[in-house]
Amino acid sequence: MVTVTKICCIGAGYVGGPTMAMIAQKCPDIEVTVVDISQPRIDAWNSSELPIYEPGLDEIVFARRGKNLFFSTDVEGAIRKCEMIFVSVNTPTKKTGLGKGKAADLTYWELAARTIAACSESDKIIVEKSTVPVRTAEAIEKVLQRNCPHEGVRFDILSNPEFLAEGTAMTDLNAPDRVLIGGKIENPEGQAAVDALVEVYANWVPRAQILTANLWSAELSKLAANAFLAQRISSINAMSALCEATGADVKQVSHAIGTDSRIGPKFLNASVGFGGSCFQKDILNLAYICECHGLHEVANYWHSVVGMNDYQKSRFVRRMISAMFNTISGKKIAMLGFAFKKDTGDTRESPAIDVGHGLIEDGAKLNIYDPKVAADQIKMDMGDEAMKRITCCTSHTEALTGAHAVCIMTEWDEFKEYDWEAIYGVMEKPAFVFDGRLILDHQKLKDIGFIVYALGKPLDPFLKGAEGV
Ligand code: NAD
Ligand code: UDX
């Protein structure tokens with residue numbers, strides 16, 4: 001079996017950075033080098049202000065950096081010296097060409113594979129960390145084998161999908177439910193490569209939680225896991241609409257069904273919609289793969305999970321507009337939260353983007369405040385035209401002063417701690433709260449005088465008549 005002493009990771013993003021920091025912490029005898037083509041990203045990893053916000057990450061990086069954790073743009077040098085190479089580059093949805101808007105764009109992956117092939121002078125274990133379509137390893141193997149100029153260099157490919165969630169990445173990595181490693185376990189070399197990676201994780205993960213599988217099962221399991229998780233959110237969000245129509249309370253429904261041990265309580269929080277860089281991209285990719293195999297009904301089933309998510313976001317906007325007397329033209333609306341979930345500054349596919357555009361299209365002016373998202377990021381996400389109607393605020397008070405309504409887009413804990421009585425005092429009347437995350441004390445807000453819309457909760461009498469949205 002290969003004993004791994006040097007690991008390199010191509011891609012210093014939300015996955016590459018935290019996963020490698022954890023390996024460096026747990027395996028002090030392994031030298032870990034994280035490389036990226038982006039100089040600013042690597043500079044940030046080498047600075048006191050890391051490029052991503054993730055609770056617990058700074059401490060580990062600052063403790064291991066310069067000891068057995070290094071960040072560099074010397075991709076080729078790192079490939080040459082390491083026995084094991086993780087590839088954690090981005091695999092977004094294709095924007096053009098065949099499979100546009102559905103298939104995964106493997107341009108970055110292929111580029112990384114070509115670089116590995118070109119500069120590998122000794123045998124390498126290649127670990128797919130990125131989320132990829134099932135059977136990607138087959139294509140990558142061809143690229144590696146056919147492009148390596150050195151005779152006799154052997155590449156063993158493993159699939160080791162990452163299951164961390166942003167905001168809890170370090171606790172997820174520290175104590176994962178499971179680690180999944182796929183390889184060519186039917187042959188001895190493939191099994192040896194799997195064993196080498198198992199040994200790395202066994203430094204801190206109990207062996208019973210390190211699952212091994214064939215390559216295709218591991219690749220597909222990642223897409224399946226994200227599809228199942230997203231499906232739960234779309235299911236409870238579908239229920240939230242029915243709750244509003246019938247007077248049921250979605251929190252009570254999710255508690256009632258979640259206490260059935262076969263269903264379980266997690267991932268049943270109704271919301272304005274799921275966001276993040278993974279769920280939509282991976283479901284579209286899964287559905288595309290189904291289509292390619294002629295499984296149209298299966299593709300349609302998974303597509304409907306994304307369709308329900310889009311419906312939930314537009315339903316929320318319609319609810320806001322109809323509640324505010326069918327016109328929000330010229331009204332100032334405070335948006336609290338812009339990140340796709342709490343404890344991250346990541347805004348990729350955040351529901352706040354679609355809701356924001358929906359409100360602006362109807363003539364509203366937006367005051368946006370998020371504790372971890374900078375104005376530059378909001379500008380990039382919303383675009384120049386929308387920015388004409390947006391003010392990026394540096395405090396919640398700035399966002400709320402003179403606003404007709406406030407919508408909660410992210411479940412940041414600090415929103416619960418605000419002095420809502422004081423907020424009521426500085427807002428226009430009637431003052432509306434639209435809670436897209438169900439985090440506030442709705443009865444207290446009503447007692448203060450707010451008109452409250454809480455997603456999936458029995459409707460405030462003031463909002464009756466706007467059902468069916
Ligand atoms: P990211 O965009 O944050 O990071 C990817 C990095 O790869 C970027 O810094 C980019 O510059 C770099 N890169 C691209 N091509 C390169 C090349 N040829 N050589 C060197 N560097 C290159 O992406 P991410 O969020 O870390 O996601 C990475 C992969 O992990 C994706 O496939 C994603 O689906 C998957 N994933 C993400 C999460 C998550 O929570 N973000 C969780 C599980 C899996
Ligand atoms: C997800 C998967 O959870 C993780 O395993 C995978 O590796 C990457 O994709 P992430 O997108 O970082 O992780 O966060 P997650 O906690 O899954 O939340 C995704 C979105 O769903 C967020 O917008 C969140 O607010 C929303 N969500 C989550 C709900 O609306 N309701 C819930 O009950 C749970």
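In this predicted model, the residues that S130 touches, once its neighbours within four places in sequence are left aside, are V87, S88, V89, T91 and W109. S130 itself sits in the loop that runs between strand β5 (124–128) and helix α6 (136–147). Because 26 other C-beta atoms lie within 10 Å of its own, where 20 or more are needed, S130 counts as buried. Another serine, S159, is 29 residues away from S130 in sequence, while the C-alpha atoms of S130 and S159 are 8.8 Å apart in space.

The protein is divided into domain 1, which covers residues 6–205, and domain 2, which covers residues 307–463. The centres of domain 1 and domain 2, taken over C-alpha atoms, are separated by 38 Å, and the contact between them draws on 6 residues from domain 1 and 7 residues from domain 2. On the side of domain 1 that touches domain 2, the residues are 3 nonpolar, 1 polar and 2 charged.

The buried nonpolar residues complete the picture. In soluble globular proteins, nonpolar side chains tend to be buried together. Here the largest nonpolar core has 78 residues, and those with the most contacts inside it are M320, I333, M335, I368 and C407. Helix α12, spanning residues 296–323, gives the most to this core, contributing 10 residues. For I368, the contacts beyond its neighbours within four places in sequence are M335, F338, I378, I390, C392, C393 and A399.

Definitions and conventions. Residues numbered from 1 in each chain as written. Chains lettered and ligands numbered in written order. Predicted model: local features only at pLDDT ≥ 70, side-chain atom pairs only at ≥ 80, totals over all residues. Domains from an automatic or database assignment. Contact = placed C-beta atoms within 7 Å. Nonpolar A, V, L, I, M, F, W, Y, C, P; charged D, E, K, R; others polar. Helix = DSSP H or I, 4+ residues; strand = E, 2+ residues; numbered from the N terminus. Buried ≥ 20, exposed ≤ 12 C-beta atoms within 10 Å, placed from the backbone. Core = buried A, V, L, I, M, F, W, Y, C linked by C-beta atoms within 7 Å.
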